[in-house]
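The sequence and structure come first.

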Amino acid sequence: MKPLLLLLFLTGFAGLPRCYGQSKPGTAPIFNHAAVCVHDLKASTGFYRTVLELQEIANPFNDGIHAWFSIGPNLQLHVIQRDCTPIVNKNIHLCFSVASLRAFMGHLEKLSVPYTNLKGDSKEPTARIDGVKQIYLQDPDGYWIEINDAK
């Protein structure tokens, strides 16, 4: 390989724009929020506030059937009370990362919140192929939530 091409390859083409599969930089949608439909807003709000320790944020509806939570920089979870049928399937879940999975498991134990590994046969975390450890729990409507220690 010619020295200039090798240098560009090794430095990752520094300074060149990278699109990673996007047709035009800046035109791809940016994730804003996820929403879950719940039967009892008070129970679900309590769960997300106490068990997951999410920060509730102001919402423009202020109508008693919506609650919004911050789930990261410029990211929100909208909890909406309606007559709905939640999809209860472990493959369809929200996922949150924590600094210490063991500490979070201790938090769940103190609150007597049940949790399991991916297979559902133990409280021992599942280790993904990339080394990330994970557990699963369900909110009051049965939605699955993964908690992992991804950095």
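## Basis and overall make-up

The model is a predicted one: local features need pLDDT of at least 70, side-chain atom pairs count only at pLDDT 80 or more, and totals for chains, interfaces and linings use all residues. Residues are numbered from 1 along each chain as its sequence is written, and side-chain values use heavy atoms, with hydrogens and water left out.

Helices (H or I, at least four residues) and strands (E, at least two) are DSSP runs, numbered from the N terminus. The protein chain has 3 helices and 8 strands, and from the N terminus on the order of elements is α-β-α-β-β-β-β-α-β-β-β. Of its 151 residues, 35% count as buried; buried means under 20% relative accessible area, exposed over 50%, and partly exposed in between (1.4 Å probe, protein chains only). Contact means heavy atoms within 4.5 Å. Among contacts in the protein chain between residues at least 6 apart in sequence, 53% join residues at least 24 apart.

## Nonpolar core

A nonpolar core is a set of buried Ala, Val, Leu, Ile, Met, Phe, Trp, Tyr and Cys residues joined through side-chain atoms within 4.5 Å. The largest such core has 29 residues, of which Tyr 48, Leu 52, Leu 77, Val 79, Leu 137 and Ile 147 touch the most other members. At least two residues of this core come from each of strand S1 (33–38), helix H2 (41–51), strand S3 (66–72), strand S4 (75–81), strand S5 (93–97), helix H3 (101–110), strand S7 (133–138) and strand S8 (144–148).

With its neighbours within four places in sequence set aside, Leu 52 is in contact with Phe 47, Phe 96, Phe 104, Ile 145 and Ile 147.

## The sheet around S8

Two strands pair if DSSP finds at least two bridges between them. An open sheet of 4 strands has the order S5-S8-S7-S6, with mixed pairing. S5 and strand S6 (126–127) stand at the edges with a single partner strand each, so one side of each has no neighbour in the sheet. S8 pairs with S5 in the parallel sense over 5 bridges, and with S7 in the antiparallel sense, also over 5 bridges. The bridge partner of Leu 94 in S8 is Ile 145, that of Gln 138 is Trp 144, and Ser 97 stands opposite Asn 148. The hairpin of S7 and S8 has 5 residues between the strands, and within this hairpin Gly 142 takes a positive phi near 95°.

S8 is mostly covered, with 5 of its 5 residues buried. Trp 144, Glu 146 and Asn 148 point one way from the strand, while Ile 145 and Ile 147 point the other way.

## Aromatic pairs and a lysine

Rings of Phe, Tyr and Trp (its six-membered ring) pair if their centres lie within 6.5 Å; planes under 30 degrees apart count as stacked, over 60 as edge-to-face and the rest as tilted. The whole structure holds 4 aromatic pairs. In one of them, the rings of Phe 47 and Tyr 48 have centres 5.1 Å apart and planes at 90°, so this pair is edge-to-face. Phe 47 counts as buried at 8% relative accessibility, as does Tyr 48 at 0%. Another edge-to-face pair is Tyr 136 with Trp 144, at 6.5 Å centre to centre and 75° between the planes; both residues are buried. Ring pairs also link Phe 47, Tyr 48 and Phe 69 into a cluster.

A charge sits over a ring if NZ of Lys or CZ of Arg is within 6 Å of the ring centre and within 35 degrees of the ring normal. Lys 90 lies over the face of Tyr 136, 5.3 Å from the ring centre. The charged end of Lys 90 also sits over the ring of Trp 144, at 4.6 Å from its centre.

## His 33

His 33 lies in strand S1 and counts as partly exposed, at 35% relative accessibility. Leaving aside neighbours within four places in sequence, His 33 is in contact with Gln 76 and His 78. The C-alpha atoms of His 33 and Trp 68 are separated by 9.5 Å, and the two residues are 35 apart along the chain.
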